[in-house]
Amino acid sequence: MGSVKNLKKDINFVLGDIIEAVYLYEMATTGKPTDATNAVIDEAIASFDTLIEKVNAKKVENKKAHFKQINIDLEQTANQLVEKINAL
């Protein structure tokens, strides 16, 4: 397990790449945002806020298990958002 700093970077990069993919989709198709693409971006931002809040939680009994669960949550969230992008 890496450091908390690296976990925060991973969350930022993964969700940032997903938002960038939405923007690329918008440019390649309609050239402007749609309600569906805005919903995916809003969900990615909300997921980012939730995951960072979990990382910054101070009162955690088992830190190793806590951070491992955050990694799992990040992977699941990213997969769900990628599926939504693919369905656009």
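Which residues does I11 touch, not counting residues up to four places away in sequence? The close-ups below, all taken from a predicted model, begin with that one.

View 1. I11 sits in helix 1, and its contacts, leaving aside residues up to four places away in sequence, are F48, L51, I52, V55, I70 and L74. Its relative accessible area comes out at 0%, so I11 counts as buried, the cut-off being under 20%. Look for N71 here too: 60 residues separate it from I11 along the chain, yet their C-alpha atoms are 8.6 Å apart.

**View 2. Helix 1 alongside helix 3 (residues 63–87).** The two axes come within 10 Å of each other and cross at roughly 5°. Angles under 35 degrees count as roughly parallel, so that label goes to helix 1 and helix 3. On the helix 1 side, the contact is made by V4, L7, D10, I11, V14, L15, I18, A21 and V22. Helix 3 brings F67, I70, N71, L74, A78, L81, V82 and I85.

**View 3. E26, a buried residue with no salt bridge.** We're still in helix 1, which spans residues 4–28. For E26, the nearest side chain of opposite charge is K32, and that is 11 Å away. What the E26 side chain does have is a polar contact of 2.6 Å with the side chain of T37.

**View 4. The surroundings of E26.** Skipping residues up to four places away in sequence, E26 touches G31, K32, P33, T34, T37, N38 and I41. T37, one of these, is also the partner in the side-chain polar contact.

How values were computed:
Residues numbered from 1 in each chain as written. Predicted model: local features only at pLDDT ≥ 70, side-chain atom pairs only at ≥ 80, totals over all residues. Heavy atoms only, no water. Helix = DSSP H or I, 4+ residues; strand = E, 2+ residues; numbered from the N terminus. Buried < 20%, exposed > 50% of the residue type's maximum accessible area, 1.4 Å probe, protein only. Lys, Arg positive; Asp, Glu negative; His and termini not counted. Salt bridge = Lys/Arg side-chain N within 4 Å of Asp/Glu carboxyl O. Polar contact = N/O pair within 3.5 Å; in protein donor to acceptor, adjacent residues only side chain to side chain. Contact = heavy atoms within 4.5 Å. Axes fitted to C-alpha atoms, helices over the stretch in contact; angles between N-to-C directions. Parallel < 35°, antiparallel > 145°, perpendicular 65-115°, else oblique.
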